Amino acid sequence: MDLEQRSINAESLQPLFVQYFNHPPVVVAAAPGRVNLIGEHTDYNNGFVMPMALEMINAVAVAPSPTGKHRWVGSPGDSIVELSSQEAVLPGEPFWSNYVRGVICMLERRGISVPPVDMLVDSNVPRGGGLSSSAAFEVAVCTALSTLCGVDVPPAERALIGQQTEHEFVHVPCGIMDQFISANGKKDHALMLDCKDLSYRYIPMTDPSVSVLVIDSAVKHSLADGGYAARRKNCEDACAVLGVESLRDATLDMLETHKAQLGDLCYRRARHVVAENLRVAAFADAMQRGDWETAGIAMRGSHASLRDDFEVSCAEVDTLVGLSYTIPSAEAVYGARMTGGGFGGCIVALVKSQAVEQVAREMLEGYRETLGIETSYIVTRPGEGARVLLLQRL
Ligand code: GLA
């Protein structure tokens, strides 16, 4: 995966759309990927998360199809996939089309009927990198189609539509974080979300002295292969022992009291979640004060806990995080951790801006020397959430 960004916008999609379909798009909408600063594997436990939207987007151009059939292109250069209205609401091949089929089905469940559309998709969010390319896709499709239908679907609802699509059409039992930040991201802000009731607040990230560095481990991750679902199950089992509805209602004291009944595995899984919620609160607090040292300590604690208690990291990601302590410029790194579901993907680090390029170079060099893997990075600011880039009145 390459974290270099190719620019995508309404102007880049329009001529391609015309080449495929011989008429212009009526709507072009975009939704971003995300990086999660802290709060990992807490969302499906009704806990707290603190993601920010990226500047990388998935963009979707649509127009009513004059053929009476759906015609979709999954990325520029690909061939057209043609579907009837009946097929478009059922899971099927090719695999990527399930993201679109799911969204159409969920819109119809809400009484919004989608006419046959011509659609062209393009994205510069790397796939399988833990930066939520799927959520960006779902939210972009939902934003484009609802706009085309002239219906205002609120961002939180679009996030839920994306999540239901993952559950029912992609078979990933994800939480709500990725779709929520993609729909609700705000430029120059991180978002602190309470996944219990979906209340949230934005926290400004405009301090020029600190930068967000994202480095790819070059290990592709997949949440569909069982590890993610197994973690969810461990958390549910822990809730049953503790007699709570979700781990949001558990405390570290409760875990100690029930340690024997929980067993080592569920005890450690639950300890990660309960402690991670506390770390999100500490991080948010520190961030608001501009206390990056304290924020960095919370990030480092988060990584250790994901590695040792939740066991969703991997050797390569641990190597990258380890390098953030040992490179010559290590003192410029406030904190670093794996980000996203785990089992590969990216790390996120908060770094002193004046040294961020140097830190990135040294990390990449160290990674190459230790594991022989070439990889890439980006330095990024919080980007905008889902938006309509173009709307032609019919
Ligand atoms: C994936 C899921 C999210 C969340 C994270 C882990 O990104 O899609 O819902 O559970 O993993 O924090």
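Author: The protein chain of this predicted model is divided into domain 1, which covers 10–202 + 383–391, and domain 2, which covers 206–380. Between the C-alpha centres of domain 1 and domain 2 there is a distance of 26 Å, and the contact draws on 37 residues from domain 1 and 43 residues from domain 2.

The size of an interface is often given as the accessible area lost when the parts come together. For domain 1 and domain 2 the buried area is about 3,200 Å², and carbon and sulfur atoms give 63% of that area. On the side of domain 1, the residues that lose the most area to domain 2 are I38, E40 and H41, which together make up 21% of what that side buries.

Between domain 1 and domain 2 the count of salt bridges is three, while the count of residue pairs in polar contact, with both residues at pLDDT 80 or more, is 20.

As for the secondary structure on the side of domain 1 that touches domain 2, the elements that give two or more residues are β1 (27–38), β2 (48–64) and β6 (189–194). Of these, β2 gives the most, with seven residues.

How values were computed. Residues numbered from 1 in each chain as written. Predicted model: local features only at pLDDT ≥ 70, side-chain atom pairs only at ≥ 80, totals over all residues. Heavy atoms only, no water. Domains from an automatic or database assignment. Contact = heavy atoms within 4.5 Å. Buried area = accessible area lost by both parts, 1.4 Å probe. Salt bridge = Lys/Arg side-chain N within 4 Å of Asp/Glu carboxyl O. Polar contact = N/O pair within 3.5 Å; in protein donor to acceptor, adjacent residues only side chain to side chain. Helix = DSSP H or I, 4+ residues; strand = E, 2+ residues; numbered from the N terminus.
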